[in-house]
Amino acid sequence: MARPGSGLLVPVNGLGYPPQNLARVVVWEWMNEHGRWRPYSAAVCHHIENVLKGDARGTVVLGQVDAQLAPYIIDLQSMHQFRQDTGTMRPVQRNFYEPSSAPGKGVVWEWENDNGSWTPYDMEICVTIQNAYEKQHPWLDLTSLGFCYLIDFNSMCQTNRQSQRKRRLRRRMDLAYPLIMGSIPKSQSWPVGASSGQPCSCQQCILVNSTRAASNAILASQRRKHYGGTAGNPGATGTLTAVRQSNTFAGTSLWSPTSASSGPNNNNISMGGGHAKAEQVLLPLSSANFPCSPVMPTLSAAHGHHALTINGQNNLNRPGTQRISMSTARGAIPTGVPALPVKNLTGSGPVHPALAGMTGILMCAAGLPVCLTRAPKPILHPPPINKSDMKPVPGINGMRRKTKKKHLRRGKNPEDVVRRYTEKIKMMPDEDCTICMERLVMASGYEGILQHKGIKPELVGKLGKCGHMYHLLCLVAMYNNGNKDGSLQCPTCKTIYGEKTGTQPPGKMEYHVIPHCLPGYPDSKSIRIVYDIPAGIQTNEHPNPGKKFSARGFPRHCYLPDNDKGRKVLKLLIMAWDRRLIFTIGTSSTTGESDTVVWNEIHHKTEFGSNLTGHGYPDHKYLDNVLTELSAQGVGEDNLKD
């Protein structure tokens, strides 16, 4: 089925600016961790537009219109969403659609997630679904949009064409998104408005203006090239590159082509807007060429040795949506120009964007060249492997482990467990019980709260291995608050008594050898571990019994080298899996989502061919570190049978 029109604004006049009388629907969107643009609700978009009209460089507090978004603010100048409690920053964009499209009519299409709540589709998909719905198509194939889903309008369900899993979907009416008329106001470009009078001479303004000057001079040069072609520029060779405006919020250029003048530098710089890949920008700029003044000279477009292509305009003021492409090889970068690998949209890379940006500003203001490069993408998976090439791990029986629902162990009397691992103390030392914080010579702080016939509040016991002392009643209270699996863990030194088990939900663990080597282990094949846990309902051992829990990112693939130490780690991981210690249910430190399956303090390597995220190879300390983490969970090498 052909993909219906997406309703996106089509660039006109060669620059992407619509006629003055064209109405457009504005949708603000943020980028999630998967690189997908997710729309804000119509109410939030109205709020952002209202703030934008008053101060185009201001800050939008999203909690003022939606209580669930209380931690979030949007900085309109940098076009980033900032989460105040975690410090997470995400790019935002301002997108335009036709008034007759779904957002213009207030139509929202949603699918039912694992928690039973409804999640809106990406706006482009929503527009496509609505178009098909209005044309009374019985079904819609989303393959053309990069999704293996089939939408059935008769049954109102979405089917995954690979797994055949079905989800309900619904169409509901909501507030229509804000409508604007005419071209993008100049106040939305960066910097806002025109400069008047003498510029500020403070150090901060000098640094900022020098960077802005560099950005806009490059853009002015390319715009002059677009308007004037190669006329008057006899040294220029090659074809004229068409300028394409991104359909996101890019604003207008600060300097017009007529006010731009040629300078002595002969370096053609290329920048890209829109959604191109690969990014490098070479800035051999001098502060002498860009003084702090309203009108700045531009870089010459003539016969440079570093000829690059422009794909968009004035997106340098938006770090989150920059896409910088370089048409020449890396060898074209002059020697001595420092390269800063920048952590960008994927969140990976050795240099944080803020640090890289400040470094670029300082070096540019000092007249030093700087080359910003985006860190390469992590290699998460090996090349495709045939099933016949997956071999059992030597020395380990089978290739799969499966856990089912395990009920709490019965018959484990808390008093019996505590007495098994402690011995009574007659002469109590004059120190605190670190559980109730009362003196050991006094009665337990749980006196009157917890009562056990055989244990008096003043009794003190010493743990057998580590020798730490506590009120016996306090140890009983601690055991009752735990997993009640017959094991005890010293709250001071974490020594484990008995066999510790966890609260990992049911699932399966597979492991096999694949014929590829990991970085740092060229002489060994690799062990691949595949964990798969489905979503389900929490039981009494979990934080919210009876409530649904989600399981994001499964199946999860992890890797070990196929050598003696790697096989030893695998044996212990299998033991930890059997004891339900690999995963637990809690709050994700990455997404902030609660009631979801998360790792349980035993680190795994999920990046196969690189180590850009810190979860890959080479990492020669990893195997020793994970052995230490397993030992802390009570899964030590002494548990292995020879």
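Modeller: The discussion below goes through the chain, its sheets, a helix pair, the cores and one lysine.

Biologist: What kind of model is this, and how are the residues numbered?

Modeller: This is a predicted model, in which local features need pLDDT of at least 70 and side-chain atom pairs count only at pLDDT 80 or more, while totals for chains, interfaces and linings use all residues. Residues are numbered from 1 along each chain as its sequence is written, and side-chain values use heavy atoms, with hydrogens and water left out.

Biologist: How many helices and strands are there in the chain?

Modeller: The chain has 9 helices and 29 strands. Both are DSSP runs numbered from the N terminus: helices are H or I with at least four residues, and strands are E with at least two.

Biologist: And what percentage of the residues is buried?

Modeller: Of the 642 residues in the chain, 45% are buried. Buried means under 20% relative accessible area, exposed means over 50%, and partly exposed lies in between (1.4 Å probe, protein chains only). As for contacts (heavy atoms within 4.5 Å), 67% of those between residues at least 6 apart in sequence join residues at least 24 apart.

Biologist: What about hairpins: how many residues lie between β4 and β5?

Modeller: There are 4 residues between β4 and β5, and M79 in the turn has a positive phi of about 55 degrees. The strands β4 (residues 72–75) and β5 (residues 80–83) run antiparallel and are joined by 4 bridges, with Y72 opposite R83. In the hairpin of β5 and β6, there are 5 residues between the strands, and G87 takes a positive phi near 80 degrees. H80 has P91 in β6 as its bridge partner.

Biologist: Now the helices. At what angle do α6 and α7 cross?

Modeller: The axes of α6 (residues 414–421) and α7 (residues 472–480) cross at roughly 120 degrees and come within 9 Å. The two helices are therefore oblique to each other; angles under 35 degrees count as roughly parallel, over 145 as roughly antiparallel, 65 to 115 as roughly perpendicular and the rest as oblique. P414, V417 and V418 of α6 make the contact with L472, L475, V476, Y479 and N480 of α7.

Biologist: Which strands does α7 lie across?

Modeller: α7 lies across β18, β19 and β20, running at about 85 degrees to β20. These strands form an open antiparallel sheet in the order β18-β19-β20. Since β18 (422–424) and β20 (469–471) stand at the edges with a single partner strand each, one side of each is left without a neighbour in the sheet.

Biologist: Which residues have the most contacts inside the largest nonpolar core?

Modeller: They are M509, I529, Y531, L560, L570 and L573, in a core of 41 residues. A nonpolar core is a set of buried Ala, Val, Leu, Ile, Met, Phe, Trp, Tyr and Cys residues joined through side-chain atoms within 4.5 Å. The largest share of this core, 8 residues, comes from α8. Apart from it lies another core, of 40 residues, including V25 and Y121.

Biologist: One last item: is K605 buried or exposed?

Modeller: K605 counts as buried, at 4% relative accessibility. K605 is found in the loop between β29 (596–599) and α9. Leaving out residues up to four places away in sequence, K605 touches several residues, among them H557, Y559, H615 and D619. The C-alpha atoms of K605 and D619 are separated by 9.5 Å, with the two residues 14 apart along the chain.

Definitions and conventions. Axes are lines fitted to C-alpha atoms, for helices over the stretch in contact, and angles run from 0 to 180 degrees between N-to-C directions. Two strands pair if DSSP finds at least two bridges between them.
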